[in-house]
Amino acid sequence: MDDRSLEESTQEKTGSEGFLKKKLYRPGPLVFIFCLAIAGLLGIGYYLTTKETPPPKVVTRPLPQETPKLYEEDSSSSMEDKVRQVDFAIIESMRDLNLPMAELDLLDVEIRKNSGHDYHYQVLQIPTVPDRNKFLAVLGEHLGQRTPDSQLTSNGTDEAIISIASLPTHRLLLKTVPFILPRPQKKGPKLAIVIDDIGEDMKILDGLVSLDFPVTLAVWPNASQTRKAVELILEKHRDLIIHFPMEPRGYPQYDPGDDALFVSMTAEAIKERVTLNVAKIPEAIGINNHMGSRFTENAPGMQVALAEFKRHGLFFLDSLTTPRSVGRQTAAQTPIPYYERDIFLDNVKDVNAIIHQLKKAENVARKQGYSIAIGHPHPETLAALQKWAKERNPSIQILRISEMAPKNLQ
């Protein structure tokens, strides 16, 4: 290519570039590009400011699990508690087969002993069942779930026997038979019902003091509603006693509270603790123990405690949370008016099971002339007492505990 052609080519190229530059650098395109850039930046900013930021990952370490404190002692290993589990297995079986619970009749109760432990041997009239084999099969299933060491045997027709560790505990009559009930030697069987753990649920307490028979109320000295409960009990003229916390076996898992009596306390510390708790409920006429399976086995501690109870003019009702309680012996030595629990009502929180326990208490009262039953302010217990009131044996007097002679004076 010659010089002239090169020059013309260069001029042509330079002219097209100049034309492009002239087009680009005009005000219109520059403004458009600028606006486009600004719009892009604004879009990016909006996205960044409105986008949800995921929460930061939090690494948590599991908190150490504290063993929950229990506020009633475990009696599941005792023979009497196993008997109660059998009672409930019978009730469950009747419920499964739609048998009328009102026709379950407790014909007799006999207090027997096993290795020093009391338990109640019972004779029960079972309502007529269409299919006895089915009833026994269902009962066997419930017994296996509740008391694996129980045995159910039947003569094939009219009776069945339930045993626990080879000891007979229940005789079941599957056919209606005449049965003569034992009559007490003493005139007029008497029953006292004590409700523990009062001082928290005022609604339940309202129901208890409204029953058409008297119940004795055992109030915690340091409950949240102690004074309010005391005032209502006095207003309704019910017997008031102090539900005094004492050390159980298994403490501190089973916690009686900081105001309890402990076996490690000195005599002076026990006296001081009794004085402080009694001062919270000076209107009380007696004491019964809350928990206390360990303390009530401790003779030195019980001697000091019962002497202090006597000094304050109070009787002692042994809740018998252990069969090895020295309460009776210590009360005889002190001496102090002494009562003793015969029946626990509501280890199983079921209305029908509690009514069955009330019938046991009636039967014990008929046989020995008196009986003391202890329950707790559960809704099921109140409902059972209300229902039982309509069907209870009218020949048994339901009394305040103060109207019954102490056991060591009978």
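Leaving aside its neighbours within four places in sequence, which residues is S371 in contact with? They are K190, L191, A192, D342, A361, V364, A365 and M404, where contact means heavy atoms within 4.5 Å. S371 lies in strand β13 (residues 370-375). S371 is buried, at a relative accessible area of 0%. Buried means under 20% relative accessible area, exposed over 50%, and partly exposed in between (1.4 Å probe, protein chains only).

The model is predicted: local features need pLDDT of at least 70, side-chain atom pairs count only at pLDDT 80 or more, and totals for chains, interfaces and linings use all residues. Residues are numbered from 1 along each chain as its sequence is written, and side-chain values use heavy atoms, with hydrogens and water left out. Helices (H or I, at least four residues) and strands (E, at least two) are DSSP runs, numbered from the N terminus.

**Sheet**

Five strands make an open, mixed sheet in the order β1-β2-β5-β4-β3. Strands pair if DSSP finds at least two bridges between them. The edge strands, each pairing on one side only, are β1 (105-114) and β3 (150-154). β1 and β2 (residues 117-125) are antiparallel, with nine bridges. V109 has Q122 in β2 as its bridge partner. Helix α3 lies across β1, β2, β4 (159-164) and β5 (167-173), at about 20° to β2. Helix α4 (residues 132-146) touches β3, β4 and β5, and its direction makes about 170° with that of β3. Axes are lines fitted to C-alpha atoms, for helices over the stretch in contact; angles run from 0 to 180 degrees between N-to-C directions.

**Core**

The largest nonpolar core has 87 residues, of which I193, L208 and F309 touch the most other members. Helix α3 (residues 79-96) gives the most, eight residues. Such a core is a set of buried Ala, Val, Leu, Ile, Met, Phe, Trp, Tyr and Cys residues joined through side-chain atoms within 4.5 Å.

**Aromatic pairs**

Six aromatic pairs are counted. Rings of Phe, Tyr and Trp (its six-membered ring) pair if their centres lie within 6.5 Å; planes under 30 degrees apart count as stacked, over 60 as edge-to-face and the rest as tilted. Two tilted pairs follow.

| Pair | Centre to centre | Between planes |
|---|---|---|
| F244 and F309 | 5.8 Å | 50° |
| F316 and Y338 | 6.3 Å | 40° |

F244 lies in strand β8 (residues 240-246) and F309 in helix α8 (residues 299-311), so their pair ties together parts 65 residues apart in sequence. F244 is buried at 0% relative accessible area. F244, F309, F316 and Y338 form one aromatic cluster.
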